[in-house]
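Please look through the sequence and the 3D structure shown here before reading the report.

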Amino acid sequence: MLLIGNGRLITRDKEGTFFDNGCVAIEGQKIKAVGTTTDLRKEFPEAEFIDAKGGVIMPGFINMHNHIYSTFARGLSINGYHPKNFMDILEGQWWRIDRTLNLEDSYHSAKVAYLDSIKNGVTTVFDHHASYGAIEGSLTQLSNAADELGVRTCLCYEVSDRDGEEKMKIAVKENADFIKASAARTDDMQKAMMGMHAAFTLSDKSLEHCAAYTPEGVGYHIHIAEDIADVYDSLAKYGKPIVNRLYDLGILGKQTMAGHCIHINPHEMELLRDTETMVVTNPESNMGNAVGCPPAMRMLNEYGILMGLGTDGYTNDVTESYKVGNLIHKHHLADPNAAWAEIPQMLFNNNPQMANRYFEKKLGALEVEAAADVIVLDYKGPTPMTKDNYNAHILFGMNGGVVTDTIINGEIRMRNREVQGIDEEKLWHDAQIQAQSLWSRINR
């Protein structure tokens, strides 16, 4: 039995229950009880106690769209790289990196990304991997890293025609093999999707090949209309918008997740809604790539699409995406009322709903029988925190750097900012050596 108490407790249950001095009791992998610190310490006197010291206790964050393979891009300078648009960014940076990645690169970059997730209070990560330098076995490398760090994760490999039909088929097989491997697990810690890059790098034949190897109950993780070039390609080659094309090929659906959806029209929004397809918006990445601002407020409010929030490899701190998401739509719409409610709805309500289309234990809430994914943040605040304003405290006062304790699936993964069971110094050392090797091979 483990107790986490003496903190302001944000439960995220249906009633939005908030305790000024709350406590969570964990037994095994699930929440046993939620209440006041006094009551639970009296009920479970022998339990190990983690003291939040007046800070904040809340459910772990969920990152619905990440790219672990981008980890070693930090500080990288690529010879001759001077992008003028998004296609230049893909060709000159990301595809050059993923064509160079070997299995060791994938493994060490994953260890760093999952470690960084723990330190930022992210307990579940949906990742979209690419490593065309070494496809076969790459998801196993990410899976091994996730197991070693103890992070809950859903993985897929980015299928694309960009390096030819043979590699496209190997990528599909990599997805199919990992889908089978994850389905054999009983710990509810790893799941799988069929990954796809974007419509403009996939022919109808390739999409049909993906579908042939995707079992019932598994969906697709795909980028849609991240750049206007994707739209032009679909109209020129197929005479229809991207979402219509994917609908005709049976790619949309309740288990499918679409990243970005920046340049889509109202009819495409209707198709996403009617098929119950999930959409993930990634505000920092969109601004960084200069691809535009998605109609996220319209998709969420007008069409009722289930929309979540991701980082797209830009960071492992989802509070950064919360802050930028709060600003980008106000700026884009010139509306000071935009995004106040919508972005926290995506992060705190919708991300767990989306994740639970794959994971069995209830995520994103501290309530009885929910997954024991709990974080503690060292935050006091200059003003009162209440049930009605705690999101504003998170937005303006907190970030991943104030997380002190991270519990995932009932296991303490970080305590008092010390990551448990991992030689952190060695992990960073090995990663830096591997990153330098990757950089040398890229610029060879």
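## Basis of the report

This is a predicted model, in which local features need pLDDT of at least 70 and side-chain atom pairs count only at pLDDT 80 or more, while totals for chains, interfaces and linings use all residues. Residues are numbered from 1 along each chain as its sequence is written, and side-chain values use heavy atoms, with hydrogens and water left out.

## The whole chain

Along the principal axes, its C-alpha atoms fill a box of roughly 65 × 50 × 40 Å. The secondary structure comes to 15 helices and 18 strands, where helices (H or I, at least four residues) and strands (E, at least two) are DSSP runs numbered from the N terminus.

## Two domains and their interface

The domain assignment, whose bounds come from an automatic or database source, gives domain 1 (2-60 + 366-419) and domain 2 (64-356). Taken over C-alpha atoms, the centres of the two domains are separated by 30 Å. In the interface, 22 residues of domain 1 are in contact with 21 residues of domain 2, contact meaning heavy atoms within 4.5 Å.

The size of an interface is often given as the accessible area lost when the parts come together. Domain 1 and domain 2 bury about 1800 Å² between them, with 61% of it on carbon and sulfur atoms; this buried area is the accessible area (1.4 Å probe) that two parts lose on being put together, summed over both.

## Salt bridges

The structure holds 28 salt bridges, each being a side-chain nitrogen of Lys or Arg within 4 Å of a carboxyl oxygen of Asp or Glu. How many salt bridges are there between domain 1 and domain 2? The count is one. Arginine 152 forms a salt bridge with aspartate 373, their closest N and O atoms being 3.0 Å apart.

Another salt bridge joins the side chains of glutamate 48 and arginine 415, at 2.4 Å from N to O. Because glutamate 48 lies in strand S4 (residues 48-51) and arginine 415 in strand S17, this pair ties together parts that are 367 residues apart in sequence.
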